Amino acid sequence: MPVIDSRLGPGTLTFDGPEDFSLQVASAKLVPSVAQTDGTPTLGAPDPAPEMAVTWSLSGNTISDWSDDAGFVNWAMDNSGAEITFAFEPLTSAGMSYTGTAQIRPIEIGGDVAVQSSVSFEFPLIGDPTRTYTP
């Protein structure tokens, strides 16, 4: 198989259809987290496989836009705790997109004086993301 170098952008990140924050988002990724516990040995299976659970989050960095009432920072504050569908298309020309439901959390407000600042966001997903490929 040849080397594949997947790079982000130009792409999109939208929430519940109309909320498009693509121009603000400087970094976006779907992040898996794996929790594992040892299986319980039994007489019939003395060496069981570990038990595993995977959870996901949508995380990244955004240019701080707290001075915009409709910006990403204030949108996250206004929708804190809401479960909102999203669509993430890392590279529009690749035809690969991911959708799911994220629980919105507030993100930092402010930053360093007189410089463009960015803030991190992390929204846990409800269930797993869905991948769609459209060649």
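Strands, as used here, are DSSP runs of E covering at least two residues, numbered from the N terminus. The model is predicted.

**A loop residue**

Ser117 lies in the loop between strand 6 (96-103) and strand 7. Is Ser117 buried or exposed? Its relative accessibility is 16%, and buried means under 20%. Ser117 therefore counts as buried. Its contacts, leaving aside neighbours within four places in sequence, are Thr62, Ile63, Ser64, Gly110, Gly111 and Asp112.

**Strand pairing**

Strand 3 covers residues 25-37, and strand 4 covers residues 51-63. The two pair in the antiparallel sense, over 12 bridges. Within this pairing, Lys29 stands opposite Ser59 of strand 4. Strand 4 also runs antiparallel to strand 7, and seven bridges join them. Here Gly60 has Phe121 of strand 7 as its bridge partner.

**Aromatic pairs**

The model holds 10 aromatic pairs.

| Ring pair | Centre distance | Plane angle | Type |
|---|---|---|---|
| Phe15 and Phe21 | 6.2 Å | 55° | tilted |
| Phe15 and Phe123 | 6.1 Å | 75° | edge-to-face |

Why is the pair of Phe15 and Phe123 edge-to-face? The planes of Phe15 and Phe123 stand at 75°, and angles over 60 degrees count as edge-to-face, so the pair takes that label. This pair links distant parts of the chain. Phe15 sits in strand 1 (residues 12-15), while Phe123 sits in strand 7 (residues 118-124). The two are 108 residues apart.

The planes of Phe15 and Phe21 stand at 55°, so that pair is tilted. Phe15 and Phe21 are both buried. Phe123 is buried too.

Ring pairs also build a cluster. Its members are Phe15, Phe21, Phe72, Trp75, Phe121 and Phe123.

**The nonpolar core**

The largest nonpolar core has 21 residues. Which of them touch the most other members? They are Phe15 and Phe123. Strand 1, strand 3, helix 1 (72-78), strand 5 (83-91) and strand 7 each supply at least two residues of this core. Helix 1 gives the largest share, four residues.

Leaving aside neighbours within four places in sequence, Phe15 is in contact with Phe21, Leu58, Phe72, Trp75, Ile84, Thr85, Phe86, Ile104 and Phe123.

Technical notes. Residues are numbered from 1 along each chain as its sequence is written. This is a predicted model: local features need pLDDT of at least 70, side-chain atom pairs count only at pLDDT 80 or more; totals for chains, interfaces and linings use all residues. Side-chain values use heavy atoms; hydrogens and water are left out. Rings of Phe, Tyr and Trp (its six-membered ring) pair if their centres lie within 6.5 Å; planes under 30 degrees apart count as stacked, over 60 as edge-to-face and the rest as tilted. Buried means under 20% relative accessible area, exposed over 50%, partly exposed in between (1.4 Å probe, protein chains only). Two strands pair if DSSP finds at least two bridges between them. Contact means heavy atoms within 4.5 Å. A nonpolar core is a set of buried Ala, Val, Leu, Ile, Met, Phe, Trp, Tyr and Cys residues joined through side-chain atoms within 4.5 Å.
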